[in-house]
Amino acid sequence: MRKALRSLPFGDTRHLQAHQFLVDEAYLLDAKHYEAWLDTLTDDVRYRMPVRVTTARGAGFDTSPGMAHFDEDKYSLSQRVARMGTDHVWAEDPPSRLRHFITNVRTFESDDAEHLVVESAELLFRSRGDVNESALMSCGREDLLRWCDDRWKLARRTISADESVLRMQNLAVFL
C-alpha cells in the first residue's frame, strides 16, 4: 500500500490528527461502541489480515498468497457488528474485556492531500469469562486514512500479526 512520499514530523497537524484518530478508535473498540466505530470507516473500506507464514530468510514473502484470517468490506463489518447485538454471538458470550494499546505511530504523506498512510503497532489484551486465560496479540498495522466529511476516516487497514500461529481462541474482535 505504501507509496508514501515522506514521513511527517510528530508535531505536524496531520500526524497529530492521525494519532488522535487511532486513540479514539481504540477507545470505541474497548468500550464496544461498534456502531460509532463503523461511522469512522469509509463506505469502500477494506479491512484485512493476511495469514503469516514462517519462511527461510530471503524467501521474499511472509504471507500466504490469497489467504487471510479476514478480508472484509463495510458490509461484512456491519454484519459482524449487527450480530454482536443478537443471541447468536457465542464466540463473544461472555463478552471479551479488551484493551487496545496503540504505539509507534508513524504518518506519511501520500500522493494527494486527501490521504495519509499511517503505520502503528498494536498490542491487544483480551480476557473472557472467569476461567479462560487472558490472551495477548501483537501486530503491526498499515492504514490509509481519507479526509471526508470534514474528518479522517479509515479507508484501508492491513494487519500483520507478529506470530504465524495465533494463540487466541477466535478472532471475533476488531484489531
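In this predicted model, glutamate 92 has a relative accessibility of 8% and therefore counts as buried, since the limit for that class is under 20%. Glutamate 92 is found in the loop between helix H3 and strand S3. Its side chain makes a polar contact with the side chain of arginine 126, at 2.7 Å. When neighbours within four places in sequence are left aside, glutamate 92 is in contact with Met84, Arg126, Arg128, Ala172 and Val173.

Glutamate 122 has its place in strand S4. With a relative accessibility of 3%, glutamate 122 counts as buried. Its contacts, apart from neighbours within four places in sequence, are His100, Phe101, Ile102, Met137, Ser138, Cys139, Arg141 and Leu175.

The pairing of S3 and S4 is antiparallel and runs over twelve bridges, and a hairpin of five residues joins S3 to S4. In this pairing, histidine 100 stands opposite leucine 124 of S4. S4 and S5 also pair in the antiparallel sense, over twelve bridges. Glutamate 119 has glutamate 142 of S5 as its bridge partner, and serine 120 stands opposite arginine 141 of S5. Six residues lie between S4 and S5 in their hairpin, and glycine 129 in the turn has a positive phi of about 65°.

The antiparallel arrangement continues from S5 to S6, where the two strands pair over ten bridges. Here the bridge partner of aspartate 143 is arginine 157 of S6. The hairpin of S5 and S6 has two residues between the strands, and aspartate 149 takes a positive phi near 55°. In general, the side chains of a regular strand alternate between the two faces of the sheet.

**Helix H3**

Which residues of helix H3 are buried? In this helix, which spans residues 74-84, they are Lys74, Leu77 and Val81. These residues cover an arc of only 70° around the axis, which means that they lie on the same side of H3. An α-helix has 3.6 residues a turn, so residues three or four places apart point the same way. The N-terminal end of H3 is capped by aspartate 73, with a side-chain oxygen 3.2 Å from the backbone nitrogen of tyrosine 75.

**The largest nonpolar core**

The largest nonpolar core has 35 residues, and those that touch the most other members are Trp37, Tyr47, Leu77, Leu145, Phe174 and Leu175. Several helices and strands give two or more residues to this core: helices H1 (13-30), H2 (34-38) and H3, together with strands S1 (41-52), S3 (96-109), S4 (115-128), S5 (135-148) and S6 (151-161). Helix H1 gives the most, with six residues.

Not counting residues up to four places away in sequence, leucine 145 touches Ala18, Phe21, Glu114, His115, Leu116, Val118, Trp152, Lys153 and Leu154.

**Cysteines and a comparison of accessibility**

A disulfide is a covalent bond between the sulfur atoms of two cysteines. How many disulfides are counted in the model? The count comes to zero. Cysteine 139 is buried, with a relative accessible area of 2%, whereas cysteine 148 is partly exposed at 22%. The table sets these two cysteines beside the other residues whose accessibility is described above.

| Residue | Relative accessibility | Class |
|---|---|---|
| Glutamate 92 | 8% | buried |
| Glutamate 122 | 3% | buried |
| Cysteine 139 | 2% | buried |
| Cysteine 148 | 22% | partly exposed |

Definitions and conventions: Residues numbered from 1 in each chain as written. Predicted model: local features only at pLDDT ≥ 70, side-chain atom pairs only at ≥ 80, totals over all residues. Heavy atoms only, no water. Buried < 20%, exposed > 50% of the residue type's maximum accessible area, 1.4 Å probe, protein only. Helix = DSSP H or I, 4+ residues; strand = E, 2+ residues; numbered from the N terminus. Arc of directions from axis to C-beta. Polar contact = N/O pair within 3.5 Å; in protein donor to acceptor, adjacent residues only side chain to side chain. Core = buried A, V, L, I, M, F, W, Y, C linked by side-chain atoms within 4.5 Å. Contact = heavy atoms within 4.5 Å. Pairing = 2+ DSSP bridges. Disulfide = S-S within 2.5 Å.
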